[in-house]
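Let's take a walk through this fold together. Have the sequence and the 3D view open as you read.

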Amino acid sequence: MSEISTKPYLLRAIYEWCTDSGYTPYLAVRVDSATTVPMEYVRKGEIILNISYGATSGLKMDNDAIHFRARFNGVSRELYIPVQNVLAIYANENGQGMAFEVNATAAEMAPPSSTDEAAAPALSAVPGKQAETSVESATASDGDDEPPKKGGRPTLTRIK
C-alpha cells in the first residue's frame, strides 16, 4: 500500500489558519497541461492565485486536486489545480505559510497512453469557420494583456 501524502492536509490546514486569522490565502502553482488556469496570467510557468472565500466560488480542496471558480477581468473561470503542482500556500499580508518542492508535476506523472486511447475520437477544426473564430479571438484580446496590478508582487522566503 502506498503512503498517503501529507501535502493536501497541510494545504487545508494553512488555508484554514489564514481565514481564521483574517489573512488572505494565496496559492503558488506550477502550471502544466494537467492544470486548468487562465493562461494569460501565467508567468514563467507559474501562477499566483487568491483563494480566499471572497475571491472564489465552490472551493473544494481534495486529496488529489483543488478546484473552484474565480473571476478574471469580470469573467468567471473554472480552475483545476492538481495538489502535486502546488508550490506554496501563504498569507498575502505577512508571507507566512509553507512552500513545497515540486519535482514532478501531475502532467509528467500521467500514465503513458495506450494504443486503445490513440484510437479515441479527437476534435478538429471546422473548415470555413476560421475567419469567424479569429475575429472573436481578436475582440476578446483587445483589452490589456497584463493582470491588474495592486502593489508589488508578493514574495515567499523558503526556510530550510
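Contact here means heavy atoms within 4.5 Å. Axes are lines fitted to C-alpha atoms, for helices over the stretch in contact, and angles run from 0 to 180 degrees between N-to-C directions. Helices (H or I, at least four residues) and strands (E, at least two) are DSSP runs, numbered from the N terminus. A word on provenance: this is a predicted model, where local features need pLDDT of at least 70 and side-chain atom pairs count only at pLDDT 80 or more, while totals for chains, interfaces and linings use all residues. Residues are numbered from 1 along each chain as its sequence is written, and side-chain values use heavy atoms, leaving out hydrogens and water.

Now the layout. You'll find four helices and seven strands in the chain, and along the sequence they come as α-β-β-β-β-β-β-β-α-α-α. Start with helix H1 (residues 7–21), which lies across S1, S6 and S7 and runs at about 20° to S6.

Those strands belong to an open, antiparallel sheet of four, in the order S2-S1-S6-S7; strands count as paired if DSSP finds at least two bridges between them. Strand S2 (46–50) and strand S7 (97–99) sit at the edges, each pairing on one side only. On average, neighbouring strands of this sheet are turned by 15° against each other, direction ignored. Within the sheet, S1 (residues 25–30) and S6 (residues 86–91) are joined by five bridges, and Ala28 has Ala88 in S6 as its bridge partner.

What holds the inside? Nonpolar side chains in soluble globular proteins tend to be buried together. A nonpolar core is a set of buried Ala, Val, Leu, Ile, Met, Phe, Trp, Tyr and Cys residues joined through side-chain atoms within 4.5 Å; buried means under 20% relative accessible area, exposed over 50%, and partly exposed in between (1.4 Å probe, protein chains only). The largest core has 25 residues, of which Leu11, Leu49, Ile66 and Ile81 touch the most other members. H1, S1, S2, strand S4 (65–72), strand S5 (75–82) and S6 each give two or more residues to this core. Beyond its neighbours within four places in sequence, Leu49 is in contact with residues including Tyr26, Val37, Phe68 and Ile81.

Finally, look at two loops. Lys44, between S1 and S2, has a positive phi near 55° and is exposed, at 86% relative accessible area. Asn73, between S4 and S5, also has phi near 55°, and its relative accessible area of 56% makes Asn73 exposed.
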